[in-house]
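Subject: Handover of a structure, with findings

Dear colleague,

Please find below the structure that I am handing over to you. My notes on what was found in it follow directly after.

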Amino acid sequence: MTMSSIKIECVLPENYQLSESPVWEEASNSLVFVDIYAKKVYRWDSLSKQVHQVAMDAPVSSVALRQSGGYVATIGTKFCALNWEDQSTIVLATVDKDKKNNRFNDGKVDPAGRYFAGTMAEQTAQEVLGWHQGSLYCLFPDHHVEKCFDQVTISNGLDWSLDHKIFYYIDSLSYSVDAFDYDLQTGKICNRRSVYKLEKEEQVPDGMCTDAEGKLWVACYNGGRVIRLDPETGKRLQTVRLPVGKTTSCCFGGKDYSEMYVTSAWEDMDPGSLLQPPKAGGIFKVIWLFLFFKGGITGLGVKGVPPYPYVG
């Protein structure tokens with residue numbers, strides 16, 4: 001007889017303002033992520049428990065591995081290459097030059113090594129958001145950029161099916177997880193449809209990742225949870241609640257990609273509210289344990305797949 005349980009640990013209780021875009025770097029046993037408004041990329045070594053950072057000159061909204069070494073990141077409205085050793089960046093391409101209030105938001109590399117990332121308009125005043133000002137872009141290995149579509153409000157989570165035939169995408173204020181037909185050879189997407197509409201208590205869909213069974217995990221901003229979805233049936237399979245409200249994104253990492261890392265934020269919270277919850281803005285690790293009553297604790301449950309590196 002077996003029983004599963006979940007262990008949640010705050011591995012970095014640092015109160016990041018808006019931590020996002022976690023990606024596991026297997027070569028260094030590290031979690032790489034950004035704090036958008038702090039304009040920094042962080043790398044947390046899971047063995048030494050040390051965290052290092054590189055500062056940027058504009059909001060940095062996503063980071064990904066680069067096949068040739070270092071990383072690629074979206075900084076302001078620029079796709080950039082990041083050299084971690086000398087902390088230098090090189091601009092690969094710039095988008096939305098005609099929209100001075102825009103910036104990139106979430107991004108991820110596809111199975112062919114292209115870097116997909118979307119933009120959004122920053123709030124110009126309290127609660128004033130520029131609707132439909134963003135677009136989804138694709139940076140190809142030769143550094144040219146193609147626009148996939150526009151009319152986006154808050155471009156967010158993205159990932160691909162295990163057979164590389166479907167692209168999943170979130171525009172947060174649609175409160176929907178959408179799917180597109182995806183052509184691996186060209187990077188083209190088409191035939192948009194919704195595979196899951198968030199329920200009221202789940203709040204706002206944010207970052208997203210895929211597990212080894214092809215199911216989707218979505219971080220729910222203001223919902224204090226990540227949810228596991230079956231994109232084929234449109235059903236929610238599991239809810240993991242965290243001790244913070246503003247869960248922002250998630251990825252798998254650790255040995256065999258059997259741990260989930262969840263980022264969070266404390267943006268838009270007044271200083272007093274930081275006391276409750278105290279771990280707002282922290283980085284969390286989620287582990288699924290299986291309890292075998294005759295053999296103690298062994299094995300892990302849900303696993304992820306390694307991230308793809310940008311090949312340009």
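Predicted model: local features only at pLDDT ≥ 70, side-chain atom pairs only at ≥ 80, totals over all residues.

In which sense do strand 15 and strand 16 pair, and over how many bridges? Strand 15 and strand 16 (residues 176–182) pair in the antiparallel sense, over six bridges. Strands here are DSSP runs (E, at least two residues; helices are H or I, at least four), numbered from the N terminus, and two strands count as paired if DSSP finds at least two bridges between them.

Residues are numbered from 1 along each chain as its sequence is written, and side-chain values use heavy atoms, with hydrogens and water left out.

Sheets and hairpin

Another open sheet consists of four strands in the order 6-7-8-9, with antiparallel pairing. Here strand 6 and strand 9 (88–94) are the edge strands, each pairing on one side only. The twist in this sheet averages 25° from one strand to the next. Strand 8 (residues 78–83) and strand 9 run antiparallel and are joined by six bridges; the bridge partner of A81 in strand 9 is I90.

Strand 20 (residues 225–230) and strand 21 (residues 235–241) also pair in the antiparallel sense, over six bridges. D230 stands opposite K235 in strand 21. The two strands form a hairpin with four residues between them, and G234 in the turn has a positive phi of about 75°.

Nonpolar cores

A nonpolar core is a set of buried Ala, Val, Leu, Ile, Met, Phe, Trp, Tyr and Cys residues joined through side-chain atoms within 4.5 Å. Buried means under 20% relative accessible area, exposed over 50%, and partly exposed in between (1.4 Å probe, protein chains only). The largest such core has 29 residues, of which W217, V226 and M260 touch the most other members. Among the elements that give two or more residues to this core are strand 1 (2–12), strand 3 (30–35), strand 19 (216–221) and strand 24 (283–292). Strand 24 gives the most, with four residues. A second, separate core of 21 residues includes V60, V63, L65 and A265.

Cavity and pocket

On a 1 Å grid over the protein atoms alone, a cavity is a set of points where a 1.4 Å probe fits but cannot get out; a pocket is an open set with protein on both sides within 12 Å along at least five of seven lines, and lining residues have an atom within 4 Å of a point. Grid points are joined across faces, edges and corners, and a volume is the space filled by probe spheres set on the points.

A search of the whole structure finds one cavity of 30 Å³ or more. The largest cavity holds about 360 Å³ of space. It is lined by 26 residues, of which V23, K108, D159, C251 and P307 are the closest to its centre. The lining divides into 18 nonpolar, five polar and three charged residues (Ala, Val, Leu, Ile, Met, Phe, Trp, Tyr, Cys and Pro count as nonpolar, Asp, Glu, Lys and Arg as charged, and the others, Gly among them, as polar).

The second largest pocket has a volume of about 190 Å³. Of its 14 lining residues, S161, Y168, G214, P231 and E232 are the closest to its centre. Strand 15 (166–171) and strand 17 (189–197) are the elements that give two or more residues to this lining. By class, the lining has six nonpolar, two polar and six charged residues.

Individual residues

F33 is found in strand 3 and is buried, with a relative accessible area of 0%. N222 lies in the loop between strand 19 and strand 20, and its phi is near 70°, a positive value in a residue other than glycine. N222 is partly exposed, with a relative accessible area of 40%.

Yours sincerely

Conventions. Axes fitted to C-alpha atoms, helices over the stretch in contact; angles between N-to-C directions.
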